[in-house]
Amino acid sequence: MKLTDPRWVLAGIALAAALGFVLPGHATTLLTEALILALFALSLDLLVGHARLTSFGHAGPWAFGAYTAATLLLVWQVPLPLAVLLAGALTALVAIPVGWLCVRTGGVTFAMLSLAFAQLGYAVVFKWNAVTGGSDGLAGIPRAGLPEMFSGREGYHLLVCLFLASAYLVAHGFIRSPFGHVVAAVRENEQRAEALGHDPRRIRLVVFVLSYALAGVAGALYAGFARYVSPELFFWTVSGHVLVMVVLGGAGTLVGPMLGALALFYAEHELSGLTQSWGLALGILFVLVVIFAPAGLMGWVQAALRGRAR
């Protein structure tokens with residue numbers, strides 16, 4: 001059974017959920033944040049790994065989802081699970097016109113357009129002080145409407161694991177569906193797919209909307225986790241960060257980017273405790289992975305397992 005088999009992936013998420021009840025409080029908090037980032041990286045993999053659309057602006061849907069959930073929780077006291085789902089749905093709605101413009105192109109132009117929309121979001125929340133809190137952001141976000149078992153640290157960790165497992169099943173089901181095979185056909189040979197009657201722009205738009213919806217869910221979970229949102233969530237460094245997670249873990253595998261998110265998060269945490277030049281050390285580590293494991297950590301692990309099996 002391959003490591004990318006859904007049964008292994010769901011078993012790994014179940015193990016992560018169980019760890020939340022046995023680890024010390026600080027370790028559980030770190031793991032919860034890492035798993036939210038894993039969901040964020042999973043959403044970008046749909047674009048980068050499966051539609052071959054490299055986005056430099058994936059912070060946009062992440063931050064939009066976070067601000068939407070924060071507003072729903074602060075203003076209307078919507079139950080948090082419903083706020084997360086509504087944030088994902090509203091992000092998907094916003095993604096339709098944004099994606100309609102972005103997927104007209106590909107390559108660098110697509111990357112720049114996605115970056116431009118994310119930076120536009122940054123400018124809007126920074127200036128719209130009355131609604132978004134401006135540069136101060138929105139603080140004191142409540143975890144409204146949660147049952148008692150989900151309201152504490154361990155409970156929220158479990159809730160994040162449930163959303164991560166659900167998002168993975170949705171993404172896996174999508175790429176394994178007949179429509180997912182069409183997405184792969186467009187990715188590999190757009191002209192041939194077009195000759196067979198498929199519209200590459202519409203197909204890419206569907207992937208774009210799904211990717212943004214999942215990123216919005218991840219952002220909403222982050223808002224409930226941190227209980228604070230700020231314009232920095234829209235910033236281009238966040239987009240670069242999640243793109244590194246996808247490349248590091250192995251694009252196009254769904255589980256690889258999740259692994260990359262966990263690896264990068266904990267590497268940052270550990271290295272920052274050892275040296276002030278942790279950014280330099282992390283950069284060197286990333287270069288080594290790209291050179292010696294071009295298929296990412298997942299590709300390296302799978303190759304190692306195949307070698308042992310021979």
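UniProt positions are given in the numbering used here, and its annotations may be inferred rather than shown by experiment. The model is predicted. An unreviewed UniProt entry lists "transmembrane region" for residues 34-53, 60-76, 82-103, 110-128, 156-175, 205-230, 242-266 and 278-301.

**Annotated spans in the model**
- Residues 82-103 are among the spans that the UniProt entry lists. Over them the chain is 95% helix and 0% strand. The end C-alpha atoms of residues 82-103 lie 30 Å apart.
- Residues 110-128 also come from that entry. This stretch is 95% helix and 0% strand. Its end C-alpha atoms are 27 Å apart.

**Helix α9**
- Helix α9 covers residues 178-188. Its buried residues are Gly180, Val182, Val183 and Val186.
- Seen down the axis of α9, these buried residues fall within an arc of 155 degrees, so they line one face of the helix.
- An α-helix has 3.6 residues a turn, so residues three or four places apart point the same way.
- Pro178, His181 and Glu188 are exposed on the other side of α9.
- The cover over the buried residues of α9 includes α2 (25-50) and α8 (153-176). It also includes α10 (190-195) and α11 (200-226).

**Cysteines**
- The structure holds zero disulfides.
- Cys102 has 0% relative accessibility. Buried means under 20% relative accessible area, so Cys102 counts as buried.
- Cys161 has 3% relative accessibility, so Cys161 counts as buried too.

Key. Residues are numbered from 1 along each chain as its sequence is written. This is a predicted model: local features need pLDDT of at least 70, side-chain atom pairs count only at pLDDT 80 or more; totals for chains, interfaces and linings use all residues. Side-chain values use heavy atoms; hydrogens and water are left out. A disulfide is a pair of cysteine sulfur atoms within 2.5 Å. Buried means under 20% relative accessible area, exposed over 50%, partly exposed in between (1.4 Å probe, protein chains only). Helices (H or I, at least four residues) and strands (E, at least two) are DSSP runs, numbered from the N terminus. The arc is that of the directions from the helix axis to the C-beta atoms. Contact means heavy atoms within 4.5 Å.
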